[in-house]
Structure formats: C-alpha cells, structure tokens
Amino acid sequence: MLKLLVAGQGNSRTGVMIPIPQYPLYSAALAELGAVQVNYYLDEENCWALDIKELRRSLEEARKHCNPKVLCIINPGNPTGQVQSRKCIEDVIRFAAEENLFLMADEVYQDNVYAKGCAFHSFKKVLFEMGPKYSEVVELASFHSTSKGFMGECGFRGGYMEVVNMDPAVKQQLTKLVSVRLCPPVTGQALLDVVVNPPQPGDPSYKQFIAEKQAVLGNLAEKARLTEEVLNQAPGIQCNPVQGAMYSFPRIEMPERAIKLAQAEGQSPDMFFCMKLLEETGICVVPGSGFGQREGTHHFRMTILPPTEKLKILLERLKDFHQKFVQEYS
Ligand SMILES: Cc1ncc(COP(=O)(O)O)c(C=O)c1O
C-alpha cells in the first residue's frame, strides 16, 4: 500500500501520519521507502485515545515540509492496548474526508477486545454507516492477520487487506504491485480461509470452535485485567487499562541519577531500566523509546501472553524490582 502511495521529492514527498507510540514496523517501512514520518501523539492521560486536535496539529505542522497523504490508525493499539470509541472513528473519518487523506486502518487486533464498555468498530462499517457523503469518497485500506486474535498463528504468514473507494485504474496497478510479490505459502492461505469462514451454527465443529475461542479470549481478558491491577499497585508505575490487543505500555518513574547514568552509558533511560530488569530478574520487556513516547516520559512494553500463573509471578517480580530500582538510584 505504502509503495503505491509514496512519491514526490523535497516538500512534495509523501507524509504518512502514524500514532506515537507506534508499532515499529511502520517507522521502519516509512524509512525504507523514504516517506516522511508524521507523528501524532496518543493521549496517555485519556487511556491512549486519539485526539482530533492533535491530528490537526500534526497535519498542519507536517504541511510545512512534506505532502501528508496518508493517515494510519492502529485499532486496537499496539503497543498501547487502547480500543477506539465509535465516535472517535467517526471523527477520524470526517477529518480524513476534509483533509483528503487516505486511511490505513490496521485492525489486526479486532478480536482482542477485553474491557467492559469497549467494542471493536471496523472503519469500513462505520464509514458505510455514515452515508454516501463519506462512504463514496473516503479511500480506506483495512488490514487483518491470522497472527493475532484468538488464532495467534504468527508463523503461517496469512493476512489480507481490503481496499475501498480506490480509483479502479489505480487499483489495477495495486493488484499488479501485490502480484509481483507472489503469494504466501498454501498453509497461510488455507488458514486465512478458515479465519474468514469460521464454523457456523449446526456445523459439527461449531460448539467446540466457540468454546475454544471463548476460552482463549477469556483467558487473555483475565490477564489484561491482572496486568493493569498488579502494575498499578507499584508506586511509580502507571498503567492504563489494557482494553484490547496483547500489550500494556506502563509509564515508569525514573530517578534522576538513573537517567544520568543511562546518559553516561549512551543509553536511553528506559533501555537502562529494561537491561537492569533483564540482568537481575530474567524478565525481558521492551523499552518505550523503541515505540516513541513524549519527551521526558519513560515506558516499557510487555505482552500479556505468558500463561496466567507465570504472568502473576512475573508481575510481582517486576513490581518489586521497580521499587528497588527507585530506591537504589534515588
Ligand atoms: C499493529 C500490528 N500490525 C501488524 C502486525 C503484523 O502482523 P503479521 O504477523 O501479520 O505480519 C503486527 C504484529 O505484531 C501488529 O502489532
């Protein structure tokens, strides 16, 4: 998709708006293509919600030095685990229509929604419910993958994108571009077929399918709740609810001396924290700086994927370690 959309030189080079914190595949893909990365910040104080004012700020800023053409949304979010409200999605669609932006909706975590009151709303569905003023105009590509959801089949490499409102002549070029990469292995294609055609009521495997799906998602929901609960017990760690996806992105207090020591070692402060955590406890989490974060804030990302009993131990150790770390470097 990006290959098709990125063009121009200097001030006319394509800008692609991505959330910060972001899934680093986006910044890497943009760097590879020489596109201009246009950051918009998610609102941590508001459970990592997307704020239209911030989108506008980011777009206006970017227009001074590039040609922003694409707005990328990750919902539910990686690494931030937020689920966007329907109203927010409508606002984003209106914004894209007004500003003539191509929408890329990364919806690979669409089945991974856990928090009460949260629901997944697909951009395509909302777009079509907003009437022809939008549904016939706004260009959208949405993405899904067999590697997430309740399937978790990362190794099979199956996924799809659905493109709406693209000019048919351009779509023909897109098909050509995608065909050049040939196709994923048969197993990946077969799995994707199963994902989009799940067992239906009355089918022999229906009951078992529903039971397994509910068990996997119920277990993830329990671990999402547990992660938020335990991390927030630690003074100096603030963790937003893990509303969806498979991650939490807690904010950590970093003592001034640890920040100075990290700088002396040529490391970002959160990398310093993560390395000490790894060395002392064997727990491996990813520094927030790898995903982008507001200047002066420090985070790490962890998954909620370990088995529940292991996750409980891990969270307790992490909590204790942070407390010790703050004492040691204060
Ligand atoms: C937001 C997001 N989009 C896309 C992907 C890529 O998924 P796939 O396994 O299909 O390459 C990931 C994987 O972690 C992701 O978190």
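In this predicted model, the residues around the ligand are Y23, I74, N78, D106, V108, Y109, S145, S147, K148 and R157. The space that the ligand takes up is the largest pocket.

Now look at the contacts to oxygen atoms of the ligand. R157 has a side-chain N or O atom 2.7 Å from a ligand oxygen, and a polar side-chain atom of S147 lies 2.7 Å from a ligand oxygen. Y23 also takes part, with a polar side-chain atom 3.3 Å from an oxygen atom of the ligand. On its own, the ligand has 400 Å² of accessible area, and the protein covers 80% of it.

Next, follow the backbone to two prolines. I20 and P21 are joined by a cis peptide bond, with omega at about 0 degrees. You will find P21 in the loop between β1 (14–20) and α2 (25–33). Another cis peptide bond links N75 to P76, where omega is about -15 degrees, and P76 belongs to the loop between β3 (67–74) and α4 (86–99).

Finally, which value does phi take at N100? It is positive, near 55 degrees, in a residue other than glycine. N100 lies in the loop between α4 and β4 (102–106), and N100 counts as exposed because its relative accessibility is 66%, over the 50% cut-off. L182, not a glycine either, has a positive phi of about 55 degrees. This residue sits in the loop between α7 (168–180) and α8 (186–196), and L182 is exposed, with a relative accessible area of 70%.

Methods. Residues numbered from 1 in each chain as written. Heavy atoms only, no water. Near = heavy atom within 4 Å. Polar contact = N/O pair within 3.5 Å; in protein donor to acceptor, adjacent residues only side chain to side chain. Areas by Shrake-Rupley, 256 points an atom, 1.4 Å probe, with all protein chains shown as cover. 1 Å grid on protein atoms, 1.4 Å probe; cavity = no way out; pocket = protein on both sides within 12 Å on 5 of 7 lines; lining within 4 Å. Sits in = over half its atoms within 2 Å of the grid points. Helix = DSSP H or I, 4+ residues; strand = E, 2+ residues; numbered from the N terminus. Buried < 20%, exposed > 50% of the residue type's maximum accessible area, 1.4 Å probe, protein only.
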